[in-house]
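Please go through this briefing with the model open beside you. It covers charges, strands and backbone features.

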Amino acid sequence: VEPDPEHPTGAAICAKGRAVPELVYAEDRVLYPMVRTRPKGDPDPGWQRVSWDEALTRVAAELNRLRAQHGSESVAYACTTGSGTSVSDGSMFIDRLMRAFGSPNNVYGTEICNWHKDEAFKYTFGAGVSSPDFERTACIIMWGHNPNVSWLSQGSRTAKARARGARLIVVDPRRVGPAAKADHWLRVRPGTDGALALAMAHVLLESGQFDEAGLRQWSNGPFLIHPDGHALSAADAGIGPQAHRVVVDMRDNSLVAVDPDLPVDAEAARHWLLDTGQNVLVEGANVHCKTGFALYRELCADMPPERAETITGVPSADIRAAADLLWTSRPVSLYAWTGVGQHTNATQTARAISLLYALLGSFDAPGGNVRFAAPPTKDVSGRDLLTQDLRRKTIGLAKRPLGPPKDGWITSDDFYRAVLEQEPYSLKGLVVFGTNLLVSHVDTARGVDALRKLDFHVHADLFMTPTAQYADVFLPVNTAWERRAMRVGFEMNEVAQSWAQYRHPVIETRGESRSDEWITFALAQKLGLGNHFWDGDADRAYEEILAPMDVSLDELRAAGRGVEVPAETPFHRHIADAGFATYSRRVEVWSEPFASNGQNPLPAYKEPAMSPVTRPDLSEQFPLVLTSAKSHAFCHSQHRNLKSLRRLQREPRLEMHPRAAAERDIAEGDAVVLATPVGEIELRAKLRDDLAVNVVAGQHGWWQGCEALDLPERPAIGPGSANFNAVIGNEDEDPISGSTPHRSYLCEVRKISV
């Protein structure tokens, strides 16, 4: 396997890419459909090989039975991440199958992956974090994200930007990847990133180094907020309708009614009061209303760097220096990912980071974070196929209306509760495409109980994972090199995002394994949903996707490496669009949707639910802060069966500071027990002095054996397990997204005596 130097994403290939032949020809791949012949409690499922027709006929019969007896909402789907697997080749068809069937519940895992960068940011900017403009940026800030491990083309672009003089700030508990060469590495205590973002904003606001004109004209910061915590309406002030908001015109201190549904009048907004407030006559009484921006400034004023140092562990001088660098080295590009998202305070942390970024005026600007234009395509994921009544049945929607459930994404905890406790109703079936719940999500023991209780579970995957072991039917999926696929838009830069490509199979598919696309189309026919799947003709689906473009499927097939479909990227889209795609059509400093749903409209800092501060009762028994990070050798819970990759890391590690290890008589390479309030697992100690003394870092995803190196498979739970998520509980979660504390927990470590 070699990289294509002519592809616009760049000529980089990682160790996982080089190991592709081992993945394709792995002896432990499952290559034929199979059905269970023994009860789910039996250690041996008694798998029996069957034909595709027999397997799909049984799956369709069971799913239709559950739909008829309990409603289509009683069947949940689970689609794995497109960021780490080839499921993205067919994920739009999986979504379409789920919606055509009538299920509103997708156990997607977005709350511990992309939701906070892609969705929480929308509550501020009306768009996700978008793409850093590496070619034009003067400063990059990587927050809880190491592209050298998870996005190599982004990592190489970061290095190139540094080589031409761009500055770099990295926020991470570990000094890894770009942090080793950063201008500022901010070693934050896991889960306290929100306090750090507020402190950096404090520095900018205190010194007057922020985009005041931009915030006045293009944010809702000038809107007046009633002392009781609601946005002042024009009706409250007696100057207009209830739906209109109130600002102060600085030219004569008059109150002005603003209709959030209308485009922003940028010229008029130049004269609006941004800071402080004004007395307003409300129901016959003078009420002092402050602007949303003034309230944000007060929040930041309460988090000076000196206070933030006591919370985060980052020296106040470093906080001030990093904040100054952000302002003096604009334009700034930002990227934040799972290091920010896997905490019980993740959504407000994302909001705090997004508002810090708003102060810089770099969003949607050259050198900042940009929404590169992509060629137009048609969405065939079937959003119109699910009725509103079924959408309202999405599990978790009532509890988290602002979070992932509004898009049909439910958490593993939502899923487990519905199966085990029938809350809010009973889930009976599960259709899985690649998701390994027991190793990738917290509370593994509860997951086992839920999988055992299901009436029916069908699992499509390459390998027999711990989660697949509980299935009734297993469907073998092939690899990306054994199937065709099509993609339009590769992110990274203008050319990459305007690139369209049809990928041909490299080899014949092994055994009877099939692509996710093939499986969804075949299952749709068996379920009687063929009319929603182009009567089984996938080429027609591809042609429909491409219809808005001036490129045909035949042309794309013939192009091989792909074609560029020029699409000009408009910077400062909010000017052309007369606003942002938010509730107020402005950058949301004070979030009215949050306030209306009982959440803090400002990103006030809250400690992680399981920390030395919030749980002093546990600190004596569990004195260490536990976080986690990905290994560069593997992707999520995959690839540990591949010899070349497993040689890079033979056993699961627990990283510790040498002093913390010495206090426990632990040396490099010692076998250790990682104990939390939930349970224990067995790992190998890896010492590194860049960690804080009271912080240890584990890795999720360990279960596979590697026969070539005589390394046995590990159980998902119980003695001998190395499954990180078996020792993380879901007793607390982010109230908006449902994220769980994969990266901020409490633990103790002890040496295993031989």
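Which side chain meets that of lysine 751 in a salt bridge? The partner is aspartate 670, at 3.6 Å from N to O. A salt bridge here is a side-chain nitrogen of Lys or Arg within 4 Å of a carboxyl oxygen of Asp or Glu.

This is a predicted model: local features need pLDDT of at least 70, side-chain atom pairs count only at pLDDT 80 or more, and totals for chains, interfaces and linings use all residues. Residues are numbered from 1 along each chain as its sequence is written, and side-chain values use heavy atoms, with hydrogens and water left out.

**Salt bridges**

- Lysine 751 lies in strand β28 and aspartate 670 in the loop between α30 (658-663) and β25 (671-675), so this pair ties together parts that are 81 residues apart in sequence. Helices (H or I, at least four residues) and strands (E, at least two) are DSSP runs, numbered from the N terminus.
- Aspartate 670 is buried at 17% relative accessible area, whereas lysine 751 is partly exposed at 36%. Buried means under 20% relative accessible area, exposed over 50%, and partly exposed in between (1.4 Å probe, protein chains only).
- The salt bridge count comes to 58.
- Lysine 526 forms a salt bridge with aspartate 53, with the closest N and O atoms 2.5 Å apart. This pair links distant parts of the chain: lysine 526 sits in helix α23 (residues 516-526) and aspartate 53 in helix α3 (residues 52-70), 473 residues apart.
- Lysine 526 is partly exposed at 34% relative accessibility. Aspartate 53 is also partly exposed, at 47%.
- Glutamate 267 and arginine 270 form a salt bridge, their closest N and O atoms being 3.0 Å apart. Glutamate 267 is partly exposed at 47%, and arginine 270 is partly exposed at 43%.

**Surface charge**

- A patch of negative charge on the surface gathers Glu27, Asp28, Glu707, Asp710 and Glu713. Patches are made of residues with over 30% relative accessible area and no salt bridge; like charges are joined within 9 Å, and nonpolar side chains (Val, Leu, Ile, Met, Phe, Trp, Tyr) within 5 Å.
- Asp and Glu count as negative, Lys and Arg as positive; His and the chain ends are not counted.
- Glutamate 707 belongs to the loop between β27 (695-698) and β28 (745-751). Glutamate 707 counts as exposed because its relative accessibility is 74%.

**An open sheet**

- Three strands form an open antiparallel sheet in the order β20-β21-β22. Its edge strands, β20 (485-488) and β22 (563-564), each pair on one side only. Two strands pair if DSSP finds at least two bridges between them.
- Four bridges join β20 to β21 (residues 499-503) in the antiparallel sense. Methionine 486 has tyrosine 502 of β21 as its bridge partner.

**Backbone features**

- Arginine 330 and proline 331 are joined by a cis peptide bond, with omega about 0 degrees. Proline 331 is in the loop between α15 (316-328) and β14 (332-336).
- Glutamate 423 and proline 424 are also joined by a cis peptide bond, with omega about 5 degrees. Proline 424 is in the loop between α19 (412-421) and β17 (429-433).
- Glutamate 283 is not a glycine, yet has a positive phi of about 50 degrees. This residue is in the loop between β12 (277-282) and β13 (285-291) and is exposed at 79%.
- Glutamate 491 has a positive phi near 55 degrees. Glutamate 491 is in the loop between β20 and α22 (494-497) and is partly exposed at 31%.

Conventions:
Areas by Shrake-Rupley, 256 points an atom, 1.4 Å probe, with all protein chains shown as cover. Charge placed at Lys NZ, Arg CZ, Asp CG, Glu CD.
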